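Dear colleague,

Please find the structure below, followed by a short account of what was found in it.

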Amino acid sequence: MPPTIIIPNSASQAAAKHLKQSVTRNEALGLYRDILRTAKAFHWCDEKGIPWHTKLKAEARREFEASKEEKDPLIIARMLVTGQECVKEIQRKFNEADRKCWERIQSDSRNRDHGEDGRDTGKGRRK
């Protein structure tokens with residue numbers, strides 16, 4: 001597909017502006033959905049008993065509502081890029097912590113079944 005050439009004060013400029021807005025809107029919706037999907041993983045509660053996923057969803061909604069009226073494309077692009085990077089970093093850290101937890105569970109399970117010195121103690125097996 002050849003690139004679009006925008007001629008000032010023409011109908012194609014209006015079409016390009018609409019296309020840019022719809023792309024930005026789609027990116028923002030995609031980011032919002034990623035945030036909501038990521039928030040689902042935070043199932044534990046804070047010290048007041050409120051689930052973290054509820055708090056994270058509410059905060060994301062507040063942030064998106066506050067940014068809704070922004071018109072400067074540079075600021076919008078910066079917010080989208082920053083948001084995407086933050087979500088990816090949170091996902092990476094969460095996955096790393098989850099992996100470490102599973103490794104610890106497997107290690108503890110092996111130690112329980114084989115004793116601290118690595119020899120098979122016969123524990124954990126059916127007879």
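In what order do the elements of the protein run from the N terminus on? They run α-α-α, and the secondary structure comes to 3 helices and 0 strands. Helices here (H or I, at least four residues) and strands (E, at least two) are DSSP runs, numbered from the N terminus.

Two remarks on the source are needed. This is a predicted model, in which local features need pLDDT of at least 70 and side-chain atom pairs count only at pLDDT 80 or more, while totals for chains, interfaces and linings use all residues. Residues are numbered from 1 along each chain as its sequence is written, and side-chain values use heavy atoms, with hydrogens and water left out.

Of the 127 residues of the protein, 11% count as buried. Buried means under 20% relative accessible area, exposed means over 50%, and partly exposed lies in between (1.4 Å probe, protein chains only).

A search of the whole structure finds 4 aromatic pairs. Rings of Phe, Tyr and Trp (its six-membered ring) pair if their centres lie within 6.5 Å; planes under 30 degrees apart count as stacked, over 60 as edge-to-face, and the rest as tilted.

Tyr32 counts as buried, at 17% relative accessibility, whereas Phe64 counts as partly exposed, at 26%.

Trp44 and Phe94 form a stacked pair, 6.2 Å centre to centre and with 5 degrees between the planes. Because Trp44 lies in the loop between H1 and H2 and Phe94 in helix H3 (residues 73-114), the pair ties together parts that are 50 residues apart in sequence. Trp44 is partly exposed, with 40% relative accessibility, and Phe94 is partly exposed as well, with 26%. Ring pairs also link Phe42, Trp44 and Phe94 into a cluster.

Finally, Lys55 lies over the face of Trp52, at 4.5 Å from the ring centre. A charge sits over a ring if NZ of Lys or CZ of Arg is within 6 Å of the ring centre and within 35 degrees of the ring normal.

A colleague
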